[in-house]
Amino acid sequence: MSVRVELKDIVQEYPSADGEGIVRVVDGVNLVYDKPGIHMLLGPSGCGKSTVLKLMGGVRPDGVVSPSSGEVLIDGKPCDGPHDDAVMVFQQYANFPHLSAYDNVAFPFKLKLWKNRVPAGERDARIKEVLTAVGLGDKLHHRPSQLSGGQNQRLALAQALVLRPRILLMDEPFGALDAQTRAEMQDLLVDLWREQQCLIVFVTHDITEALLLGDRVTILSTKPARVAREFDITEPRPRSDLWLRSTEANRLESEILDLLKEGNVRGGGQVRVTI
Ligand SMILES: Nc1ncnc2c1ncn2[C@@H]1O[C@H](COP(=O)(O)OP(=O)(O)OP(=O)(O)O)[C@@H](O)[C@H]1O
Ligand SMILES: [Mg+2]
């Protein structure tokens with residue numbers, strides 16, 4: 001599935017908390033994603049990662065001009081609001097508590113944006129297929145309260161994948177999971193990506209996660225965000241523990257850490273290293 005997403009000179013300013021002025025959060029970000037793959041976006045806390053991701057998804061905050069300047073282009077066309085090319089997955093999944101796993105995954109087809117995406121006669125097979133792919137094939141009738149945190153995150157992923165989007169935007173999707181479950185979800189994502197080769201832009205704080213998953217790792221500076229560096233990783237996935245301990249991976253890790261520390265000195269947040 002090919003798609004080109006381009007961010008051109010994106011600046012985002014928000015009203016300051018005291019309402020007296022404005023705060024620049026994103027300061028001239030230029031990014032081009034022109035082939036399918038898993039693209040990691042890494043940066044200090046509060047540097048504007050979610051803001052950049054939402055801009056790609058056409059999600060615009062209420063009452064704020066967004067972006068303040070610059071353009072987001074999808075296949076060369078300006079993206080000014082919600083569009084059916086991209087779906088987002090968040091850390092705080094929002095599965096509907098009163099609906100079964102099956103009905104949660106069926107829900108996007110009720111939305112205006114997506115309702116014509118898949119012919120009605122194909123939906124049932126598609127929903128069951130995607131629930132099986134994320135490992136919930138035997139839990140179609142379970143409600144979210146009957147599922148674990150990891151299973152709920154699988155359900156949120158199924159809800160996104162059922163639409164077979166060309167662009168999947170993931171905002172720290174595994175950040176709230178325990179280490180074991182996170183590792184399982186990372187493996188699952190690698191498997192799913194092999195089948196549905198879309199463009200994934202994946203925000204994380206975790207350098208190891210970036211090295212494990214990314215074809216490219218983009219480092220954003222501390223707020224206001226700029227692109228500090230981009231690294232391409234050519235090691236095929238799945239990437240082994242042995243590779244993670246290799247000279248190449250260690251060099252990448254320490255270069256990324258240095259860039260992020262530079263951010264910290266200038267007042268940014270923390271990063272997690274689990275290597
Ligand atoms: N709608 C908004 N109105 C005002 N300020 C906002 C708005 N959205 C985000 N901000 C501010 O912009 C800055 C960047 O926020 P954003 O959520 O994009 O950062 P982030 O890098 O994703 O942070 P985190 O690492 O905590 O997830 C923060 O200081 C935040 O308070
Ligand atoms: Mg964020």
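Modeller: Helix α1 is followed by Gly-58, whose phi is positive, near 75°. Helices (H or I, at least four residues) are DSSP runs, numbered from the N terminus. This is a predicted model, in which local features need pLDDT of at least 70, side-chain atom pairs count only at pLDDT 80 or more, and totals for chains, interfaces and linings use all residues. Residues are numbered from 1 along each chain as its sequence is written, and chains are lettered from A and ligands numbered from 1 in the order in which they are written.

Colleague: Which residues of α1 are buried?

Modeller: A residue is buried if 20 or more other C-beta atoms, placed from the backbone, lie within 10 Å of its own. In α1 these are Lys-49, Thr-51, Val-52, Leu-53, Leu-55, Met-56 and Gly-57. Because seven of its nine residues (49–57) are buried, α1 is largely enclosed by the rest of the structure.

Colleague: What span should helix α3 have?

Modeller: The expected span of a helix is 1.5 Å times one less than its number of residues. For the 14 residues of α3 (120–133) that gives 20 Å, and the end C-alpha atoms are 20 Å apart, which agrees. Gly-135 follows α3 and has a positive phi, near 85°.

Colleague: Against what do the buried residues of α3 pack?

Modeller: Ile-127, Val-130 and Leu-131 are the buried residues of α3. They pack against α2 (101–106) and α4 (149–161), contact meaning that C-beta atoms, placed from the backbone, lie within 7 Å.

Key:
Helix = DSSP H or I, 4+ residues; strand = E, 2+ residues; numbered from the N terminus. Buried ≥ 20, exposed ≤ 12 C-beta atoms within 10 Å, placed from the backbone. Contact = placed C-beta atoms within 7 Å.
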